[in-house]
Amino acid sequence: MTSVVATNQTILVVGGGISGMTAALEAAETGKQVVLVEKNPYLGGRTVQLYRYFPKMCHPTCGLEINLRRLKANPRIQVLTMAEVTGISGDKGAYNISVKLKPRYVNENCTACGECGKAVKAEIDDEFNYNLGKIKAAYLPSSMAYPQRYVIDSSIVGTPDGEVAKAVCKYNAVELDMQEEVVTLNAGAIVWATGWQPYDASKIVYYGYGRFPNVISNVEFERLADPHGPTGGKILRPSDGKEAKNVAFIQCAGSRDENHLRHCSRFCCMASLKQTHYVQEAFGNAGKSTIYYIDIRAIDRFEDFYQNVKANPNVSFVKSKVARITEDKEGNPVCNGVNVEGYKRYATAHDLVVLALGMEPSVKGMDIPAEVMSDSSGFIMADPVNAGIFGAGCATNALDVNRAVQSATAAALRAIQVVNKVARAEA
Amino acid sequence: MGDMNTQMADRYKNNFLKEIEEQAEMGEWVKMCMQCGLCSGSCPTNFQAGWDHPPQEIFMMIRAGKRDEVLASNSMWMCTSCYNCYVRCPRKVPVTHVMHGIAEYAYRIGRSPKNQPTQHLSKTFWDNCTKYGRVNEVKLTQTLYFKDGIGSGIKKAMEMQSVAMGLVKSGRLNLMEAVGGGHKCKDLKGIHAMLTKAKELEAQRKAAKATPAG
């Protein structure tokens, strides 16, 4: 059984992405007890699935490494992975929370030596790489995964493959009889940082995502550019593995659309501008990017970044929301629409189309097992009715990493105030 | 009543957007357009040579006050009412209805393009079906085919001969209706009363809009 030490002076942080980790660390570093709950087998969330950050074009692993070091050095944070909050009762200052823990089938003895992964035959979808490839059913989710422990997929438990994994493990780390369990814990305040998910691109029917293999999403493009990704960092298009030198980016794919996401997702313009750098780096002057846009919202101090991309002769901008994607005989996706500048119709073929998908909350406000106010998109709104539950990061709004971290720090401060009050009352 | 066009132009002076908002059905939606171009890109008629301006350009021209160009444009009349633009518009602008509204307004003040085939069809169809409450197919096609003279009318009729024969055989077209009134609806008086009332209500509504506020 997993044991969790928590009292009404504890802060529960739900979600271990960049926001959750930040909130947990900020609170713990002021001396508070924190329980950090993460659904995935690893921390870092969608941030670690990025190849590079804007605007500095640095690698997320760097920032993550700093956070992980802070985390490892801090005895006040207990991390529960493969864990989901299933129930919240009580009130501000005295919450009672139930958490469902899925079995990892690998215990703390694991040294991440990788023998089980080599021995196991069965393969499963590679979720970390947005299912662009397959991985072994005994796996380390990513090279930077924390905890650095393998996971045995439940599909091979009870099969000969599972027994093989157990047999090859020299450290007695594989425990195939692990069971799902539910733990309950107390907390004075809750930081809800369950983050975001990309909008379901197949709902934008006229873009043909799912029908045309060379129409992919912006998050998938991150994985294609990443050396740890399914193509080893080569930008190869899915249909035939050809180098995608002529890439189209379609902005507002789902966002700012009453039929899809009503809000501006804020990060997608910058993400596409950033991704033109990937094309430029991979192919030099042979790499061409085209950005189809309604208007570029390079908010805040990012205007500079936009102007630099604009100055690149290999990047062109077309002011138009693409109305339809078709496919030509060579399997090239063709963008159809009318250019607002001159109102001329175009039908332009590209090697690859990247949909700059917007973000929606991965847990909608109404699906949170407590009374929490949320807007029509499902983002948590600050409201007295939320009591001791504070939204952080992309659970509250469409944010980039920078703003998510700011939001998480603010949420941590609010949570700290609640447990301070509890501490004073209990003293 | 005088010249409607001059009256309206005088009243709204250089504010064509306001004129459309107040006078054209659904005109108040024009300002909601964010010029993304999804309507134009989705429009099935925009391959046609007669398509002067895509909807998003019409919206921009209205805002820019290009009164003469908009009212005389062919575009609104090219709309097939497929509703692609309407269902896809990210701002939920009822583009189809706006286009119809502008077309109707242009016609009402006598500024719509002359001899525009769709306009001619609409007018002919309306007159034909409101007269007896039912469409007289023979008279409708006659009026349409002979629009540009006897020669081209006969040519068109000959081209459509096999379709017409099919319709006759299946009882959908009675050639005898070329003379006389043709088939009528059961309650002709009722339908005329309804149409008169509807016209009256619409006139009231438009008069209310046309009265300058304050």
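Domain bounds here come from an automatic or database domain assignment. With that in mind, let's walk through this predicted model, starting with chain A.

**Chain A and its domains**

Chain A is divided into three pieces, and one of them, domain 1, is written as several stretches: 10-101 + 180-195 + 362-426. Domain 2 covers 115-168, while domain 3 takes in 199-359. Count up the secondary structure of chain A and you get eight helices and 22 strands. How does the radius of gyration of chain A sit beside the globule rule? It comes out at 23 Å, close to the 22 Å the rule gives for 427 residues, so chain A is as compact as a globular protein of that length. Taken along the principal axes, the C-alpha atoms of chain A fill a box of roughly 70 × 55 × 35 Å.

Now for how domain 1 and domain 3 of chain A meet. Their C-alpha centres lie 32 Å apart. The contact draws 13 residues from domain 1 of chain A and 19 residues from domain 3 of chain A. On the domain 1 side, the residues touching domain 3 of chain A split into eight nonpolar, three polar and two charged.

**A pair of helices in chain A**

Next, look at helix α6 (residues 268-283) and helix α7 (residues 303-311) of chain A. They pack at an angle of about 40 degrees, their axes 10 Å apart. That angle makes α6(A) oblique to α7(A). The crossing of α6(A) past α7(A) is left-handed. Which residues make the contact? From α6(A) come A:M270, A:L273 and A:T276, and from α7(A) come A:F305, A:Y306 and A:V309. Sorted by type, the residues of this contact are five nonpolar, one polar and no charged.

Chain B has its own domain assignment, with domain 1 (4-114) and domain 2 (117-183). The C-alpha centres of these two domains of chain B lie 30 Å apart.

| Domain pair | C-alpha centres apart |
|---|---|
| Domain 1 and domain 3 of chain A | 32 Å |
| Domain 1 and domain 2 of chain B | 30 Å |

Finally, the chains themselves: 16 residues from chain B and 16 residues from chain A take part in their contact. On the chain B side, α3 (38-42) and α4 (55-63) each supply at least two residues. The largest share of that side, four residues, comes from α3(B). By type, the residues of chain B that touch chain A divide into five nonpolar, eight polar and three charged.

Definitions and conventions
Residues numbered from 1 in each chain as written. Chains lettered and ligands numbered in written order. Predicted model: local features only at pLDDT ≥ 70, side-chain atom pairs only at ≥ 80, totals over all residues. Axes fitted to C-alpha atoms, helices over the stretch in contact; angles between N-to-C directions. Parallel < 35°, antiparallel > 145°, perpendicular 65-115°, else oblique. Left-handed = near helix turned anticlockwise from the far one by under 90°. Contact = placed C-beta atoms within 7 Å. Nonpolar A, V, L, I, M, F, W, Y, C, P; charged D, E, K, R; others polar. Rg over C-alpha atoms; globule rule 2.2 N^0.38 Å.
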